[in-house]
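Hello,

Here is the structure I promised to pass on. Please open it first, then read my notes below.

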Amino acid sequence: MNKTDIKELSIQINLNGLSFCILNRTTKTIEFLKTNAFEQKLNPEEILNHIKAELSSNTVFSEDFSEVLVIHQNELATLVPEQLYDANHKVDYLKFNSKILKNDFITEDKISVNKTVNVYVPYVNINNYIFETFGEFVYKHSSSILIESILNNPESSENPIVYINVNKNTLEILVTKDNKLQLFNVFEFYSKEDFIYYVLFVFEQLKLDVETTFVQLSGNIVIGDELFVMLYLYIRHVRFVEKAYDFKIAAETDRRYSHQHFLILNSF
């Protein structure tokens, strides 16, 4: 491998698991892609220990990276229209739909594609460690990447499209119409019945037709698993999201399941 190749690293952090991805920008190739799923939800300190172990046990992380991105994936986030946003009221925006603590650090991402501000709580202990390890880096909330990647790659459809990104115990639902965001929400689920309840709840709220509305899936779901079967039972048009990036995957992963890594692959 050429020493002058430009490489970028993305690390996706969820209390239920971690993902690591390295893009060789020079050859437009994903050279490393790995996901660590945990049996149960961990706390930020335990997650940090897993990150330290992973970064120290694999030589691919000792290379020079032109950019390092940390993706914080949690339910502690809310969208605010740019024109209504006031940085002095970050706590007020979040406290209505998230359980936040007094000493939580609150930050924001600007999502230019639809002129909104995503207010959220990052994992500060992890940010501090990444800075100590790699120096300057960028961090974002996962929902910012999800919204940007979908709105920046519009589907030609006059009808609403429902996007569902599945994680171990949460699902993110986006609904677009004419490439404008109609809804974004995160739901916690513990059974396939919970899962379909929240999906159908969104359909009901937006008066979407289960016979004609297309659903696009990404994340922790594959054909034949209980969530897919449950979804297909109630909704006619279900498919996996198309890739929105222009690089190839050389990492040892099954390309048929690249939709499972949709978020981190679209973070570059």
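Is the crossing of helix 5 and helix 6 right-handed or left-handed? The crossing of helix 5 and helix 6 is right-handed. A crossing is right-handed if the near helix is turned clockwise from the far one by less than a right angle, and left-handed if anticlockwise.

Some ground rules. This is a predicted model, where local features need pLDDT of at least 70 and side-chain atom pairs need 80 or more, while totals for chains, interfaces and linings use all residues. Residues are numbered from 1 along each chain as its sequence is written, and side-chain values use heavy atoms, without hydrogens or water. Helices (H or I, at least four residues) and strands (E, at least two) are DSSP runs, numbered from the N terminus.

**Helix pairs**

Helix 5 (residues 192–205) and helix 6 (residues 226–234) pack at about 40°, with axes 9 Å apart. Axes are lines fitted to C-alpha atoms over the stretch in contact, and angles run from 0 to 180 degrees between N-to-C directions. That angle makes helix 5 oblique to helix 6. Under 35 degrees counts as roughly parallel, over 145 as roughly antiparallel, 65 to 115 as roughly perpendicular, and the rest as oblique.

Helix 1 (residues 44–57) and helix 3 (residues 124–134) pack at about 20°, also with axes 9 Å apart. They are therefore roughly parallel to each other. Helix 1 passes helix 3 in a right-handed crossing.

**Spaces**

The largest pocket has a volume of about 420 Å³. A pocket is an open set of points on a 1 Å grid over the protein atoms alone, with protein on both sides within 12 Å along at least five of seven lines; a cavity is a set where a 1.4 Å probe fits but cannot get out; lining residues have an atom within 4 Å of a point. Volume is the space filled by probe spheres set on the points, which are joined across faces, edges and corners.

The pocket is lined by 22 residues, and Ser-19, Thr-35, Asn-167, Asn-220 and Gln-260 lie nearest its centre. By class, its lining has 6 nonpolar, 15 polar and 1 charged residues. Nonpolar means Ala, Val, Leu, Ile, Met, Phe, Trp, Tyr, Cys and Pro; charged means Asp, Glu, Lys and Arg; the others, Gly among them, are polar.

There is 1 cavity of 30 Å³ or more. The largest cavity has a volume of about 40 Å³. Its lining divides into 8 nonpolar, 3 polar and no charged residues.

Best wishes
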